[in-house]
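I opened this notebook to record what I looked up in the structure. My entries follow in the order in which I made them.

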Amino acid sequence: MSLNWKRLIGIDNLSGEYAFARAESTGYTSAKKIPESWVKTTCGYCSVGCGIEIGVKQGRAVACRPDSTHPVNRGKLCPKGLSEHYTIDAENRAKHPLLRKNGILTRVSWDEAIATMVEKFRATQEKHGPDSLGVLSTGQLVTEEFYTLGKLVQLGFGTKNYDGNTTLCMASAVSGYKLSFGSDGPPGSYEDMEHADVVLLIGANIAENHPILCQYLDTNQEQTVIVADPRVTKTAMIADIHLPLKPRSDLALLNGIAHLLITLNLIDREYIHAHTTGFEEFEKFVAEYTPERTALLTGLSEEQIVKTAVLYGKSKAGFIGWTMGVNHSTKGSETVAAICNLALLTGNVGRAGAAPFSITGQCNAMGTREAGFASGMPGYRKFDDPVARAELAAIWNVDESRLPQKRGLAYPDIIEGAVGTKIRALWVIATNPMVSFPNQDVLRHALSNLEFLAVQDGYHPTPTTELADLVLPAAIWGEKEGTYTNSERRVSKVNKAVEPPAESLSDFDILLRIAAKLGCKEELFPGWSCPEDAFNEWRRVSAGRLCDYSGISYTDLAEGPVQWPRKPRLYSCGQFEHPGKKAKFISAAWEPYPEQPNKDYPLVLNTGRTVEHWHTRTKTKEVPILERLSPVAWLEMNPRDAKPLGLRSHDRVDLVSRRGRVRGVELRLTEITAPGQVFMPFHYFEANVNDVTQSAFDPISREPNYKQCAIRVERTGANV
Amino acid sequence: MDIDADEHPGDSHARLKTEMWGKCCVVACNEQNGNPAGMNWRRVGEVEGGHYPNTQRHYLSMGCNHCLEPSCMIGCPTEAYTKDPQTGVVVHSADTCIGCQYCTWNCSYGVPQYNPARGVVGKCDLCHNRLADGQAPACANACPEQAIQIEIVDIARWRAEHTGANAPGLPSADDSISTTRVTLPAGLPPDMGRVDTQRITTELPHWPLVFMLVLTQLAVGAFTALWMLDLFGFGANLSIPAIAALSLAGMSLGASTLHLGRPIHAWRAVKGLRRSWLSREVLTLSLFAGAASAFAGMLFLDLPGRGFAGFIAALCGAAGAFSSARIYIVKARPAWFSRYTIAEFFSTTLFLGPLFVQATGAGTAGWLTWASVAGGAAQFITQSMKFLWMTRSEVFELRASSLLLTGLLKNHFLARMAILLGGGLILPLAGAPAWATLALALSGEWLGRWLFFVSVVPKNIAAAFTSGRAA
């Protein structure tokens, strides 16, 4: 650094760097933030799917602003979106292919990287069987890449042990929808949050996690917003009614409401008769969820439960939204089905304002749900549906026998498989399990067992790429083209604003190179050169399915985003996807959560997010302003629990569970959390809450029960 | 947006609803102004109250309040601040600013922030250039909840209604008549308050000022003593201590410009004489230096009439020490906002001045020892009483300062008091050599002045729990 004497004596006050200027596109603003051009795209963080424009100056992304023409975000962005350009120009972007040689990650050419990867995977598969290769994908890629990746993994590499981090996130919503409606597919739209006169949010802190959606809540004065959450979240605070229920008693509450709706005759018998099956059995089943028992199980008053049931039952249009409070549970799929039960009882499906609505996590979790090839075949096709199999085989011009007969291992089972001998090589794409997977001890064991670990990511080092044998550097948001589909099935175009750094390539290009090396490019991806080729094939594959993209082209998307299947709601005609076209009532019994607190582990740990950070913080750690606003992890504890421990705010504490210890977390005493419960955000590798979370999974969706593990809190260093 | 500047010349008035959770405004502000992440002209603080499940937390977003009586502007020695007569926006000029940071001590909300990279202060200007173009400020534009709104209000009416700018977690709007109307929902829990009160941190030491203040006060005391020695005929070899004291004063005044972000522009510090105690300090201490030079020169040349020059030096010196003290008597820094600051600065003068004269070999007069002992005793009493006052206070910032002195700074504080006893009482009465006593006393006063700066807990808006304060 050269010594700037002019600055030292004060002649220079960096007025150039801090200059302001006026431009037509920005108005009066910091001159260095005025771009030469704006590129329209879609935000790459969460599934709200905000339209965003990247400001480009001399080939670099210098600004982000909301796309005021986009129907979702109405000219606003959350703080992550407003600062998203910083994720591109980050220092720790992965720039070159790296191969571990003599224990050290060493720069190699793309040819060597891909040749080694294919060779190692093939060798492993030859030795241990095709399914010994596991693949962990993400919700972060564009749909075109998910579609390509699915074919490459299932038909090219021929392993069915392929799943995404979406299983850590919304798999229960998928499974629940399948149980109730016969297919995945959120039936409503964001605008339903405006039309509804009752909005019930369960385990969804949208003010923190999907802040832009809160705009939809404020518009309807007649509306009653009810939030069920054991913690007094930001969302609970803006609700008209907060139901501070006991941890994971949501299923009991839902069954209790169902029982009340039936006994108070607030149900739509005509709708039930015409469009559902299983009502009689369900009616008998929920009879035991009397208000007394529901109150006992949920910790709510009978009055609160009755009031909620009556409000929902009498509403002209009732909207139920949920996120991870419901999904992160061993009863997640069934709880989702229990939400759908309420909608079916009252006919609150497929009408304006009426929807059981899963608010999804990642920007393109929906894309992988629809076009991916992991928990089902592309286009919401079931592995065991002979018609669907024949259809796909014909479109792809492959023998039907090459399609897997059933789903392969889900994410946690792939990890479990690596602990054993089932999985010997692993390919991780755009996800960071070293932060996000529950019970990290198992994961560390699994990864150390592998013969070969390839990690494809936009950033290096991350806690996961550091362990890799091969790192494939990928382009990220802002550097590549494709589409994202948001929670309300809205397909938005994702565009390239700047070139990826150094040698990194888009995931699409990486996949095609791998396919070429594998020798299946011309068979699986004939003549493909750009993402639109994948999109056009996906349009043909999805034609006639519930998630029908056939009427949506890149040309259409250039005009603006489009909801599939070109209408705002599913099931408006009451035709569901089960055989017989009727929806099902699902009788799902409440059960206590798996790890109950006891004397040694007296506190119930809840995990979640903060608005400033995204998932495992790979991206947001690189955004200085977000790090400034939320630099470290913290543990929320009620002062009544802290008193006997002699703990005060800002003390450093350890969280201890049967599985591990998180060290040195800053304690925050607050009445936001109930006595007996504690809360910690999960973004921080430096203090990773997943060192203590449990290996308990929903038997249907395989989604982890991240929440409600039993821990104790100790002062850091107290028992050394 | 409701700007109607033609009709009512008045103050822009940011209305603030508190349903904010995104901190979009903070990010948008930093992007708008091209500021580094560590500087946030708009900040979001948290206040919390109630008991589970009836807990409330509110988020207070705050830029500049564009006060009716802007304490930043009143304190500024260079007239870098202007208040727009039409919109009431308080605008700061980075080109006029010399980086003295006095405004950062004056504002009860911690709004002006010093940018060390630039050597100047910066603050929210309500994006007045955007407003002039008919565009919303960046913060208001970015807020999904429309929680920040701008309007013009009638000054006289707002003076009467300015309690509308009060809210839990905010300093009193009385300090400077903040114009931000904060709208909180009715029925707040009675314990609603700041969430950051457990995190008490020290302030910057401002080393050049620690150095300068103690030495100028020493010089003022020394010249007063020399003048009196000369006047009453105790004088022999007074010119050496006079020249020594003059050198110290000159050096320390010179060194004090190192505190400025832009030392080359130090001369601008006299521009604000009408309002700023800093300008007055610069002027009075310069006059003191001039008169003291004259007095020293006349002593050296043994010229007559030097009694008058000495008197002027003593007078200007006292005015200088008083101006120095008044700089720190600002509402925004409660531990400074009392007569103890004046007592502390004058005690230093009385304590060190006579000792210095003795140590440099001029005075053998017994009253010099007694004057110094009196100064030391005064300082001891001042510090003790200030400490007791702070510990018993109901003002959070005062209690917090006393907690720093008994916690993080305990050893420093004990050493400071012990040195006062040693250098002020034990050594002089035991007849120790004056230079030894002076060395101890001077180090004690430097330590004390360092404590003065680091142990002050400024008023500020409630901060968020985990994030650090703005620069």
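**Notebook: chain B**

I noted that, of the 471 residues of chain B, 58% count as buried. I also noted that the model is a predicted one.

I then looked up the overall dimensions. The C-alpha atoms of chain B fill a box of roughly 75 × 50 × 40 Å along the principal axes. Chain B has a radius of gyration of 25 Å, which agrees with the value near 23 Å for a compact globule, because that is what 471 residues would give.

Next I turned to the contacts. Among those in chain B with a separation of 6 or more, 74% are between residues 24 or more positions apart.

I looked up the secondary structure and found 15 helices and 10 strands in chain B. In chain B, 3 strands form an open antiparallel sheet in the order β3-β2-β10. Its edge strands are β3 (54-62) and β10 (193-194) of chain B, each pairing on one side only. Strand β2 (residues 43-51) of chain B is joined to β10(B) by 2 bridges, and these strands run antiparallel. I recorded that B:Val47 stands opposite B:Arg194 in β10(B).

Which residues touch the most other members of the largest nonpolar core? I found B:Phe223 and B:Phe295, in a core of 351 residues. Helix α7 (residues 207-231) of chain B gives this core its largest share, 16 residues. A second, separate core has 5 residues, including B:Cys67 and B:Trp158.

Key:
Residues numbered from 1 in each chain as written. Chains lettered and ligands numbered in written order. Predicted model: local features only at pLDDT ≥ 70, side-chain atom pairs only at ≥ 80, totals over all residues. Helix = DSSP H or I, 4+ residues; strand = E, 2+ residues; numbered from the N terminus. Rg over C-alpha atoms; globule rule 2.2 N^0.38 Å. Buried ≥ 20, exposed ≤ 12 C-beta atoms within 10 Å, placed from the backbone. Contact = placed C-beta atoms within 7 Å. Pairing = 2+ DSSP bridges. Core = buried A, V, L, I, M, F, W, Y, C linked by C-beta atoms within 7 Å.
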